[in-house]
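Please look over the sequence and the model before reading on.

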Amino acid sequence: MTALPATNTVANKEETAVPNPAFVEQLEELFRQRRDVRRFQSEPVEENLVAKILASSCTAPSVGLSQPTRFLRLQNEAVRRDVLANFETANAEALQGYEGDRAKLYANLKLAGLREAPVQIAVFCDTGTKKGAGLGSRTMPEALVYSTVCSVMTMWLNATARGLGLGWISIFDVERLTADLKTADEWTFVGCLCIGWPEEYHLDPELERAGWETRDRKGPIVEVR
Ligand SMILES: Cc1cc2nc3c(=O)[nH]c(=O)nc-3n(C[C@H](O)[C@H](O)[C@H](O)COP(=O)(O)O)c2cc1C
């Protein structure tokens, strides 16, 4: 195999963060502190911060370097009203799928910050992108959507590091949403993100607090073949 030309190598070890135990510790702290946030203060978020969070999505891995993530910033009042109404209807329908104590619990969950979040972004994956020339996604088309998920995760951590909260919402009638937002057919909806200053910083997931589910702290399930 021929060696690749060195274009952007790090000149000496001090310039890189790796290996650096203090960096690893801080990174793990960032993972610990990241929360799905649905309760926001009303203060706006400075535009330069929003731009930095969106830009961080471009550093995420993507299949074939396809970078298929597309954003729709929801700013227009009527557009926001449609998205909120969509969520409320879908959430009421989801409630019908539960009974007894689960239904009571579900009815009391706060599952979106769409009324209060100053920044709202619908995230899509452009499954028709030519970028990357199909590498990896020819055999596994879903890898494009996985790539968009990677970019959301990158933004999530970036927002957390800046003290901002980010909440991911998936409770929608997707057909109605994409029709209302008039997006291209190749754009697959991945989720809506609410971003803003959190009411509170906390280490326990909101669903754990509410008694809906607990985080498995035993570690991942690993099978061996
Ligand atoms: C793909 C995806 C979709 C999600 N959709 C919703 C949602 O519609 N509403 C909601 O309140 N939280 C949603 N969440 C957030 C999860 O509930 C949350 O990540 C989980 O409870 C763990 O909490 P934590 O993120 O604070 O650790 C979603 C998370 C992911 C990864």
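The points below treat the overall fold, the strands, the ligand, the salt bridges and the backbone in turn.

This is a predicted model, in which local features need pLDDT of at least 70 and side-chain atom pairs count only at pLDDT 80 or more, while totals for chains, interfaces and linings use all residues. Residues are numbered from 1 along each chain as its sequence is written, and side-chain values use heavy atoms, with hydrogens and water left out.

**Overall fold**

- The protein contains seven helices and four strands; helices (H or I, at least four residues) and strands (E, at least two) are DSSP runs, numbered from the N terminus.
- Along the sequence, these elements follow the pattern α-α-β-α-α-β-α-β-α-β-α.
- Taken along the principal axes, the box filled by the C-alpha atoms is roughly 60 × 50 × 40 Å.
- Of the 225 residues in the protein, 37% are buried. Buried means under 20% relative accessible area, exposed means over 50%, and partly exposed lies in between (1.4 Å probe, protein chains only).

- Strand β2 (residues 119–126) has eight of its eight residues buried, so it is largely enclosed by the rest of the structure.
- In a regular strand the side chains alternate between the two faces of the sheet.
- In β2, Val119, Ile121, Val123 and Cys125 point one way, whereas Gln120, Ala122, Phe124 and Asp126 point the other way, and all are buried.
- Strand β1 (residues 69–73) runs antiparallel to β2 and is joined to it by five bridges. Two strands pair if DSSP finds at least two bridges between them.
- Across this pairing, Arg70 has Phe124 of β2 as its bridge partner.
- Strand β4 (residues 187–196) also pairs with β2 in the antiparallel sense, over eight bridges; here the bridge partner of Asp126 is Trp187 in β4.

**Surroundings of the ligand**

- The residues around the ligand are Arg34, Arg35, Asp36, Arg38, Leu111, Trp168, Ile169, Ser170, Ile171, Pro205, Leu207 and Arg215.
- A polar side-chain atom of Arg35 lies 2.7 Å from an oxygen atom of the ligand.
- The ligand taken alone exposes 620 Å², and the protein buries 74% of that. Accessible areas come from the Shrake-Rupley method with a 1.4 Å probe; for residues, only the protein chains shown count as cover.

**Salt bridges**

- How many salt bridges are there by the rule applied here? The count comes to 13, where a salt bridge is a side-chain nitrogen of Lys or Arg within 4 Å of a carboxyl oxygen of Asp or Glu.
- Arg38 and Asp36 form one of them, with N to O at 2.7 Å. Arg38 counts as buried because its relative accessibility is 10%, and Asp36 counts as buried at 16%.
- Asp101 and Lys104 form another, at 3.9 Å from N to O. Both residues lie in helix α4 (residues 100–107), three residues apart, about one turn of the helix.
- Asp101 counts as exposed because its relative accessibility is 62%, and Lys104 is likewise exposed at 57%.
- Glu200 and Arg209 form a salt bridge whose closest N and O atoms are 2.8 Å apart. Glu200 counts as partly exposed at 41% relative accessibility, as does Arg209 at 42%.
- Glu200, Asp204 and Arg209 are linked in a network of salt bridges.

- Leu65 has a positive phi, near 60°, and is a residue other than glycine. Leu65 lies in the loop between α2 (47–56) and β1, and is exposed with a relative accessible area of 55%.
- Gln67, which is not a glycine either, has a positive phi of about 40°. Gln67 is also found in the loop between α2 and β1, and counts as partly exposed at 29% relative accessibility.

Key: Near = heavy atom within 4 Å. Polar contact = N/O pair within 3.5 Å; in protein donor to acceptor, adjacent residues only side chain to side chain.
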